[in-house]
Structure formats: C-alpha cells, structure tokens
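Here's a quick briefing on how two chains meet. Have a look at the structure first, then read on.

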Protein chains: 2
Amino acid sequence: MCAAADEPGEDFMKPEEAYRWLLDYSTTTALYESMKSLINWDQRTYLPRGGHSHRAQQIAAITALLHRRATDPGFAEMLAKAEASQIPGQPLSDEAVNLREWRRKYDRATRIPEPLAVELSKAASQAELAWQSLRRENDWKGFLPYLEQIISLKRQEAAALSTGGEEIYNALIEDFEPGENAKSIEVLFDKLADATFQLLEKIEAAPRKPDPAALQGDSPESVQKTFIREIIAHLGYDLAAGRIDRSAHPFTSKIGPGDVRITTRFDPNSFVMALFSSIHEAGHALYEQGLPAEHWGTPRGRSISMAIHESQSRMWENMAAKSPGFWKHFYPLACKHFPWLDKIDIDKFLFALNEVRPSLIRTEADELTYNLHIIMRFKLERMLIGGELESEDLPEAWNTVMKRYFLPLPDDYSSGVMQDIHWPAGAFGYFPSYALGNMYAAQFYAKAEKNLGNLQEMFEAGDFGPFLGWFRQNVHSQGSRHLPRNLVKAATDEDLSADYLIAYLKQKYGRLYEL
Amino acid sequence: MCAAADEPGEDFMKPEEAYRWLLDYSTTTALYESMKSLINWDQRTYLPRGGHSHRAQQIAAITALLHRRATDPGFAEMLAKAEASQIPGQPLSDEAVNLREWRRKYDRATRIPEPLAVELSKAASQAELAWQSLRRENDWKGFLPYLEQIISLKRQEAAALSTGGEEIYNALIEDFEPGENAKSIEVLFDKLADATFQLLEKIEAAPRKPDPAALQGDSPESVQKTFIREIIAHLGYDLAAGRIDRSAHPFTSKIGPGDVRITTRFDPNSFVMALFSSIHEAGHALYEQGLPAEHWGTPRGRSISMAIHESQSRMWENMAAKSPGFWKHFYPLACKHFPWLDKIDIDKFLFALNEVRPSLIRTEADELTYNLHIIMRFKLERMLIGGELESEDLPEAWNTVMKRYFLPLPDDYSSGVMQDIHWPAGAFGYFPSYALGNMYAAQFYAKAEKNLGNLQEMFEAGDFGPFLGWFRQNVHSQGSRHLPRNLVKAATDEDLSADYLIAYLKQKYGRLYEL
C-alpha cells in the first residue's frame with residue numbers, strides 16, 4: 001500500500017493503516033492495564049502482609065510503563081495521521097469514538113510529568129496502606145503528613161492538567177466525569193440538598209418509625225455466601241466470568257473480558273450488609289460484563305465514567321433491591337436461608353431496610369442522607385484542591401459542614417475525616433460521581449419504566465431480564481460512545497436533571513413514612 | 001563523570017556506571033517478571049473459567065515484553081562495557097556473578113527469535129488449559145495435536161539455542177540446570193537405576209509389609225489446614241510473607257521478597273497428601289525466603305537451578321518429614337488434630353508412610369521408585385526432542401520403558417503419557433531436575449549431619465533451626481553465586497555423586513523392611 005504517486009515526499013502510511021496501528025497499540029496497553037488491575041485486586045484480597053513493600057514497587061513499575069505508553073510521541077504521530085482521515089466525519093462511529101477518547105487521554109497524559117505520575121502512584125499506595133492501620137488507631141497526627149503529601153501532589157497534578165481559566169479542581173473531576181465541572185455539579189447538588197433537607201425534616205417529624213431489629217438475626221458466613229450467589233446470578237451476574245472474595249472495602253475489578261470480580265465483607269449478625277454491598281458491586285460488574293467484548297482494549301469497549309458506573313451499582317442496590325417488588329420475589333428464598341425471617345413481616349423488613357437515620361459513616365448511610373455525605377465531601381475537597389482549605393484544618397471544617405448538613409458530629413477521627421479510602425488513595429474528584437450516579441440512575445429507571453411498563457410487577461415475578469436488557473441496550477453496549485451528559489440524553493431524550501431523583505425519593509419515603 | 005582526557009573518542013560512560021545501569025535494568029525486569037508470576041499464580045488458583053482466553057493474551061503480552069528486554073541491544077552494549085572492567089577478575093564477587101548470569105541469559109535469549117518465543121508461550125498456555133480437560137476425558141487423540149505443536153516448537157527452540165556439536169536436548173536442560181548435560185546425567189541416572197532395581201527386588205521379596213490403612217482416617221479440610229500451617233511454620237516458613245491456597249497441581253510461586261506463596265490439595269480421608277505436598281512446597285518456599293533480599297532483582301539474589309530447588313523441597317518432604325525423628329516430635333500434635341491416630345502405633349504409621357509400591361502415577365510414587373519415573377521420562381523426552389521418537393508413538397514407547405523399569409502399565413492415557421503437566425506446559429528438560437535434586441539433597445544432608453551432629457535427635461527435640469541454618473548459609477544465601485555442580489562442591493567439598501542417595505535409600509529401606 002503506497003501513497004498516491006502525485007504526493008511524493010508525503011509519508012507512505014495511509015490513515016487506515018495508522019488507525020490499525022492505534023488499535024493494536026491500544027489493545028496491548030489494555031493488556032498491561034489489566035495486569036495492573038489484577039495486581040490491585042490481589043493487593044486488596046490475598047497479598048500477605050510481608051509483600052506490601054514489593055507490591056508498591058510493582059505498582060510503580062507498571063504505572064511508569066503505562067505512563068510512557070500514554071505519552072508516547074509515536075502514538076501522537078499516528079493519532080494525527082488517523083485524525084486527518086475521513087473518520088472524524090462520522091463522530092458516533094466506533095472509529096471516531098476511539099479517536100476522540102485517545103486524543104482526550106493523550107492530551108491529558110502528556111500534561112502530567114512522568115516523575116509526578118510515578119511519585120503520586122507510590123505516595124497513594126503508601127498512604128492507602130498507612131491509612132488502614134492509622135484509621136484503626138484513630139491516629140490523625142500520624143495520618144496528616146500522608147494526606148498533606150497527597151494533596152500537594154494532587155494540586156500539582158491538577159495545575160498541570162488545567163488548561164487555564166477554570167478552577168483546577170475541574171481537571172480532577174474530568175478523570176472520573178469527562179465533560180463535567182464543579183459549577184454545573186454545584187447547581188445540581190444544591191437543588192438536591194435543599195429537597196433532601198425538606199424531606200428529612202418531614203421524616204424526622206413522622207410518627208411512624210422502622211424497627212432496625214427486623215434486620216438482625218443469625219447469618220452464618222457460608223449461608224450468606226450461598227444466598228448472595230443465588231441472588232446476583234438471578235439478576236444476571238455471570239459467576240463463570242467472575243468471582244466473589246472478601247476484602248476490607250468491597251470493590252469491583254475488571255481484569256478482562258470473561259473476568260469481572262467483586263468483593264464483599266460479612267456481618268455474622270445480619271446478611272444485609274454483605275447482600276447489599278454485593279448487589280452494589282454486581283451492578284458495577286453487570287455494566288462491565290455488558291460492555292461490547294469485540295471492542296475490548298479500545299475506548300469504544302470501555303465504561304465511560306464513574307457516575308455512569310455508580311448509576312448502575314446504586315440503581316441495583318437501592319432502586320431495585322430495596323423495593324417491594326424485589327422482596328416479594330426473594331423473601332421466600334431469604335426465609336429459607338435465614339429462618340428467623342419467618343417471624344418478621346415483609347413490610348416491617350422493607351421499612352427497616354429503608355430506614356432514614358443520619359449517620360457518621362458514609363458507607364453506612366441510608367439512601368437519602370448518603371447524598372449529603374457526598375455533597376459535603378465535594379465541597380471540602382473542592383476547597384482542599386483549590387487551596388482554600390489546608391489539611392490540618394480539615395477536622396474543624398469537617399464538623400462545620402456536617403452540622404450545616406444536619407449530619408451527626410464524630411467523636412473521633414476514624415469516624416470523621418479518616419473514614420474514607422478515597423483521599424489517601426488520591427482519588428480527589430471521585431466523590432461527586434456517587435450522587436451524580438444516583439441522579440443518572442433515577443432518570444434511567446424512569447425511562448426504562450416508561451419503555452417497559454410496571455417494573456415492580458416484573459421484579460415481583462422474578463423477571464429482571466427486560467430491565468437488565470434495557471441497560472444492556474441503552475447504557476452497557478454503548479461503551480464510551482457518548483460522554484455521560486450525552487449518554488443520558490441519548491438514552492432518555494432529556495438532559496441530566498436532579499428532578500427524577502428528588503421525585504423518586506419523595507415518592508419512596510412518602511409511602512414508607514406515610515408523609 | 002567523564003572518561004580520562006587521554007582517551008578522546010571513547011565512550012564517556014565508566015564501567016561502574018554501566019554496571020549501575022545494568023542493576024537498575026535488571027531490577028525493573030524482575031518487577032515485570034514478578035507480575036508474570038502473579039498472573040500465573042492467579043491462573044492456577046482463582047481465575048474464573050471465562051477468563052482463560054484473556055489470560056492467555058496477558059501472558060503473551062508480558063512474555064513479549066520480557067523477551068524484548070532480555071534481547072535489548074542496549075543491554076548488551078552496557079554489559080560489554082561492564083565486562084571490560086576489573087569486575088570479572090573476582091569471579092565470585094556479587095558483581096562478577098551478576099555479569100556472568102546476565103551474559104549467559106542474554107546470549108541464550110538472543111538466540112530465540114521473538115515470534116518463536118511468543119508462539120511457544122501462547123501454545124504452552126493453550127496446551128496446558130486443554131490438557132486439564134482432555135486428561136480428565138482420557139482423550140489422547142484430542143491431546144496429540146497440542147503435544148505435536150509443543151514438541152515441534154521446542155525442537156525449534158532447542159536448535160536455535162544449540163551452539164553446535166552436542167545433542168540439542170542439552171540446550172533445554174540448560175534452562176533448568178546450567179552447566180548440566182544429558183550424557184553426565186545419564187551416567188548418574190544409570191547408576192541410580194541399577195541400585196534401585198536391586199533394592200526393589202529385595203523389598204518385594206521381604207516378608208515384612210506396611211499397612212496403608214494406617215494413614216487413613218477422617219481428615220476435615222479445615223483441620224488439615226490448621227495442622228499444616230502449624231507444621232510448616234515450625235519448620236521455618238514465614239506465613240506473614242506467604243500464604244497457602246488450593247490448586248489442582250500444588251506449586252510454589254515467588255511473587256517477590258516478602259511474598260512467597262504455596263498451594264496444596266486435600267484428600268478428606270487422609271491428611272497425608274496435603275501435608276507432604278505442603279512440606280514439599282514449603283521446602284521450595286524456604287529456599288526462596290532464604291535468598292538474600294538485598295540482592296533481589298539481580299542474579300546474585302536468585303535461585304540457581306531447578307535441581308537445587310528440588311533438593312530443598314524433596315529433602316524436607318522425604319528425608320526430614322518421613323523420618324522417625326520428625327514424627328517422634330510431631331506425632332502428638334497429629335494425634336490431637338486426628339484422634340484416630342491414637343490407635344495407630346507410630347512405627348506402623350512410619351512404615352506405611354514409607355511404603356514402596358511401584359505406581360502408575362509419578363506424583364503418587366514412593367521415594368524409591370519416584371526416581372525411576374524421572375529416569376524414564378528423561379529417556380523419552382530426550383528421544384522426543386532429538387527426533388528419535390514422534391509424539392504419535394509415545395504411548396507405545398511409554399509402555400516399553402515402564403516395563404523395562406519394573407513399573408506397572410497404564411490402562412488409559414490419563415494414567416500414562418497424559419499424567420504430567422510438564423510436556424503440555426513446554427517444560428522439556430525439567431524432569432531430570434527431580435532426581436538430580438534427590439542426589440543433591442542426600443549429599444547436602446550427609447554434610448549437614450557431619451557438621452551439626454545427629455540430625456534425627458534434633459528433629460525429635462523439635463529443633464529444626466540448625467538444620468535450616470545450615471541450608472541458609474550453604475545454599476539459600478548463595479543465590480546464583482555458584483552453578484549447581486560448583487555449589488555442591490563448595491558446600492560439601494565433593495563433586496555431585498549418586499552414592500549418597502543410594503546409601504541413604506539402602507539404609508532407610510534396609511531398616512524399614514528389615515532387609
């Protein structure tokens with residue numbers, strides 16, 4: 001294949017050849033990334049205590065390798081060649097989507113100096129490890145230097161990534177939510193917070209109260225495991241292409257096609273924690289298992305953002321698995337495994353499951369006040385990155401904002417500023433995705449119901465196939481075709497709005513608390 | 001740092017700088033290798049069924065990366081610079097040992113074309129996977145094409161590696177036993193085989209017979225796990241720097257310093273299989289845990305050969321853990337965990353443990369006839385690689401040689417030519433290491449006893465420290481300082497001989513069978 005004879009001196013490679021080269025390159029990079037996924041999975045599940053220092057070196061080495069590939073000038077050269085072709089003319093074609101995402105990521109990667117990328121990865125790995133023991137010991141003073149170092153490095157990263165004009169925090173959001181920014185998020189979040197305050201006030205004044213004891217009963221770990229496997233397999237999670245393990249903090253890891261793993265943790269006195277954390281992770285895993293395998297290794301075959309990811313996990317966890325229809329179907333199975341449920345009325349169980357009780361710990365929060373945790377962390381980390389707040393002042397700021405959001409004040413650091421893994425792990429800009437995910441979830445759910453009919457009736461009949469099918473078609477199979485805001489538009493014919501989530505919450509808690 | 005002014009035109013890099021560059025390069029390569037170790041470990045322990053095809057791609061990608069690094073011309077340039085220094089003048093210095101091994105491995109690697117290396121790795125991974133199910137189904141016809149492909153590729157590899165003159169099989173042995181060759185092995189093996197035949201004849205004629213029922217009794221997996229952990233920890237295996245998992249075929253995996261893992265498998269009717277396979281693997285792991293951590297990532301900090309590795313595992317498994325002293329110490333603990341042992345006399349247990357009974361399956365063979373399995377596989381694979389035997393004729397050749405070695409004939413392929421993972425995994429040249437390992441073990445053991453005094457008395461007292469200490473000093477801490485034949489010379493002041501193993505076997509079985 002040569003260039004046309006009338007173009008002497010031009011490079012001989014055709015754009016299609018450049019595109020094929022990029023595909024190969026992208027797939028090989030994805031193979032290295034999937035090795036890093038496995039290394040991270042192992043670190044959080046089976047790594048022996050003595051292996052952590054070596055593991056940090058492994059992670060630094062693979063991170064450096066990935067950074068070199070992400071910033072390879074040869075890649076940019078090929079990318080420019082392919083961009084000069086007809087491909088971008090069809091912006092929603094697989095090829096154009098790949099070019100768009102390769103460009104976006106290449107431009108971002110080349111703005112971060114390699115030593116900074118390596119230092120960040122190492123610092124985050126060490127801080128995460130230190131956090132695990134320091135949190136147990138409530139040792140804020142010991143934790144502070146790690147946090148300061150991470151924030152200093154993240155500010156450098158954000159500054160390097162920023163193209164100017166905007167607040168630098170936006171550059172970190174972009175890692176999780178391409179096309180998103182703090183100002184637009186703030187508008188959505190303020191609306192959601194106001195509606196939440198109003199609803200919370202009514203709930204706290206309501207005479208009807210759930211009984212949390214309805215969720216407590218002997219729950220041997222082995223029985224929980226069997227029960228959970230039955231449920232998530234029924235929802236569509238393919239256990240032959242995944243597995244469930246224990247970890248301190250549940251997570252989902254896509255190693256590759258045919259290998260999407262989840263983890264959970266167990267409470268011997270109630271199956272509720274393990275079940276819902278597993279359904280949450282299974283929601284992530286269903287998204288990953290539903291991505292188009294034929295596009296694996298390219299952006300087209302990849303999930304588009306954390307909020308879209310969270311929309312899947314939180315929708316299964318909260319909107320589906322805490323609904324009456326779901327339990328009308330699964331309650332008999334639950335009673336079979338946990339005979340103490342026989343004595344508990346299903347409505348009592350459901351009410352307890354959906355109890356609203358403002359909590360110290362985000363991961364233990366109910367569906368309503370969870371968003372307040374997210375919104376306050378968004379405000380705090382925005383100030384931390386923006387330089388309006390320093391790490392040493394964080395505990396005080398934490399209390400101030402908890403109070404303002406009607407959340408209880410912690411007695412110790414472990415239940416306060418040190419409760420989350422995100423900051424020590426360097427994941428600033430991640431928190432907003434959770435609440436955005438809830439908004440996406442509610443908007444998707446409403447549209448799915450409009451298309452499919454009464455979802456609660458389907459759940460009650462144990463028929464989750466059409467519901468999953470709607471997401472397979474409108475979300476999972478889309479991969480990175482659309483940026484998140486465009487994806488919701490394509491799937492629901494509307495822009496992202498807080499209204500669906502607010503309406504859902506009002507309807508749900510109105511019914512439960514008889515408001 | 002510049003070159004001397006009187007050497008204009010010379011490269012400016014000093015040999016010490018080249019050496020430091022090589023150290024860095026070697027350590028980074030070792031980090032990638034340790035990722036491959038983790039990928040392999042996961043494949044054999046926790047990989048979901050659906051993930052195998054992706055896993056083969058991951059392995060191919062990391063193998064290609066490692067091959068490129070192993071054949072990097074830039075590395076050869078630096079190596080030549082460092083070799084031109086004073087370093088090789090002190091051949092047992094850490095630096096000279098590293099240069100020697102880097103050179104040996106670079107020269108080998110550059111003789112294998114990259115496409116062949118990648119194809120071999122992929123073919124071996126696929127053949128190993130196919131073998132797992134085809135073996136279960138006794139499907140020799142299905143397995144044959146895989147074997148033919150592997151042998152064809154291994155012949156190509158051996159031919160590419162051979163420097164001429166010698167039989168090409170030697171080039172494959174060199175991968176496991178540097179400095180070794182088929183002719184020298186044959187001399188040792190023939191002597192060992194003759195002595196084994198004589199001993200076997202006497203044992204079969206002996207009136208005294210062990211009772212295998214002495215090893216059978218209820219052995220719940222969870223109890224076995226606790227028992228095994230107690231024993232191997234007592235022997236010196238650091239569980240905080242390792243772990244024990246289940247796999248179909250037990251193995252040891254060094255992920256890195258502080259992370260050396262073993263696997264085992266369980267028989268609910270006897271703890272013997274899991275215990276001895278665990279002690280075997282713990283023997284490998286003790287070697288790896290005893291290597292000098294400060295040299296990790298360089299040859300000086302690496303094990304020198306498979307036979308030396310096997311000498312450690314087989315010595316702990318057979319010479320230590322099947323001896324009277326060992327059980328005089330551990331029998332009470334075993335009785336505590338497995339109460340049915342109370343009714344069994346320790347001598348009866350020990351005799352049953354050391355029963356000689358020629359078997360179909362190598363991994364189930366007793367200590368004496370195990371060597372015959374190895375010797376026959378050595379003869380067969382030598383012919384397969386040399387082209388004197390083709391895969392399709394293997395079952396017939398198998399039977400012929402089994403008969404000649406007084407071993408029983410298989411009724412099916414699964415218990416015959418398809419029983420071992422080594423050939424589908426492409427590990428030709430590996431088998432001899434097992435019997436060589438037994439010879440090294442016996443020679444080391446005799447010398448350790450000469451240095452330390454009565455080992456059986458120490459074992460009986462539960463005092464394994466000095467014994468492990470002898471190996472830490474004379475074998476483990478040496479890393480790759482000496483080639484295997486030189487290591488045994490340095491540690492025992494004698495050349496490798498079959499005599500120590502023969503004497504040990506005669507003494508042991510003479511006592512047990514009252515010959």
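How many residue pairs are in polar contact between chain A and chain B? The count is 16, with both residues at pLDDT 80 or more; a polar contact here is a pair of N or O atoms within 3.5 Å, where one must be able to donate a hydrogen and the other to accept it, and residues adjacent in sequence count only if both atoms are side-chain atoms.

This is a predicted model, where local features need pLDDT of at least 70, side-chain atom pairs count only at pLDDT 80 or more, and totals for chains, interfaces and linings use all residues. Residues are numbered from 1 along each chain as its sequence is written, chains are lettered from A in the order in which they are written, and side-chain values use heavy atoms, leaving out hydrogens and water.

**Who touches whom**
- On chain A, 33 residues are in contact (heavy atoms within 4.5 Å) with 33 residues of chain B.
- About 2700 Å² is buried between the two chains, and carbon and sulfur atoms give 63% of that; buried area is the accessible area (1.4 Å probe) lost on being put together, summed over both parts.
- In chain A, the residues losing the most area to chain B are M35(A), Y46(A) and H54(A), together 21% of what that side buries.

**Charges**
- The rule finds four salt bridges across the interface, each a side-chain nitrogen of Lys or Arg within 4 Å of a carboxyl oxygen of Asp or Glu.
- D259(A) and R55(B) meet in a salt bridge at 3.7 Å, N to O.
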